[in-house]
Amino acid sequence: MDEFAIDVKQLDKTFGQVPALRGVSLQVRRGEMVALLGASGSGKSTLLRHLNGLHCADAGSPSSVAVLGRRVQAGGRLARDIRATRSKVAVVFQQFNLVARLPVMTNIMAGALHRLPLWRGLLRRFPAAELARAQEAMARVGIARLAAQRASTLSGGQQQRAAISRALVQGAEIILADEPIASLDPEASRKVMQSLADVNRDLGVTVLVSLHQVDFAFAFCPRTIALHDGRVVFDGPTRALTPDRLRELYGAQVGELLPAQATTHPTAWPTAAPEYADVALRVA
Ligand code: ADP
Ligand code: MG
């Protein structure tokens, strides 16, 4: 199939007087893992929310969004069959959106509810095949042994990996991750990004992940789309985003995008870090 996983054309979105997206066009092929880079307020969340129809573009604009070959919206109107499309698209948020008091397994099974009879969800009696699928999804991201724990007992990084498992149980063909590592320490961030990279490589899930720091884009995403003030200012190989190029694109905001040490010690740029060496090779 050669249709795009994500196909966005001339997306315009204004909140009151504030233009949040201006003529954004982008295409992502099936099986790609792409970083959506931008400083705070550049329009990343707004763009991601248009992809599954949580936001509608400006009425009467030439905007259109299609996902997996199906129309999501056009001219500021949602498609009627949006529900069917949404089941193929999972969202992972910065704020860990698990139900804290429920076990991890129950949270992950929520991904399967859209294809099960209502009573099964209400009584939490799930078919064995579905439970096995959830176990496999948890094992894939390294949290199988946490299945029975309450979600509230997991670290932030484990919760994000649980959210990725839930996306797999849902049967998502696309994962939209909105700053999934913004609240995590570097080691937890690396594990979450590695889990996204694994499901991308092993299962062919298309991943679009928004980030406000370029180092993780560099390590995990061959391609980056960069937003600034609601416009696409760069779309190409992540390795082309040198500190100088970023300074050109972002001016004074560049500090937000660079890892702390890279601004003062250019030799500490991510490719030089040993923990990125193997990933950089794979990405190259
Ligand atoms: P990012 O996710 O890159 O930080 P956002 O997409 O959240 O950026 O925001 C882009 C712009 O749109 C910002 O100026 C923000 O203040 C504005 N914006 C986002 N959501 C809303 C909203 N619901 N109402 C009004 N303004 C909004
Ligand atoms: Mg955001």
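The model is predicted, so local features need pLDDT of at least 70 and side-chain atom pairs count only at pLDDT 80 or more, while totals for chains, interfaces and linings use all residues. Residues are numbered from 1 along each chain as its sequence is written, and chains are lettered from A and ligands numbered from 1 in the order in which they are written.

| Helix 6 item | Value |
|---|---|
| Residues | 15 residues |
| First to last C-alpha | 21 Å |
| Span expected at 1.5 Å a residue | 21 Å |
| Buried | 14 of its 15 residues |

Buried here means 20 or more other C-beta atoms within 10 Å of a residue's own, with exposed at 12 or fewer and partly exposed in between.

Now for its partner. The axes of helix 6 (residues 156-170) and helix 7 (residues 186-203) come within 8 Å and cross at roughly 15°. That makes the two helices roughly parallel, a label for angles under 35 degrees. Gly156, Gly157, Gln160, Arg161, Ile164 and Leu168 of helix 6 meet Ala188, Lys191, Val192, Ser195, Leu196 and Val199 of helix 7, where contact means C-beta atoms, placed from the backbone, within 7 Å.

Elsewhere, Asp229 sits in the loop between strand 10 (223-228) and strand 11 (231-237). Asp229 counts as partly exposed because it has 16 C-beta neighbours inside 10 Å.

Methods. Helices (H or I, at least four residues) and strands (E, at least two) are DSSP runs, numbered from the N terminus. Axes are lines fitted to C-alpha atoms, for helices over the stretch in contact, and angles run from 0 to 180 degrees between N-to-C directions. Angles under 35 degrees count as roughly parallel, over 145 as roughly antiparallel, 65 to 115 as roughly perpendicular and the rest as oblique. Two residues are in contact if their C-beta atoms, placed from the backbone, lie within 7 Å. The expected span of a helix is 1.5 Å times one less than its number of residues.
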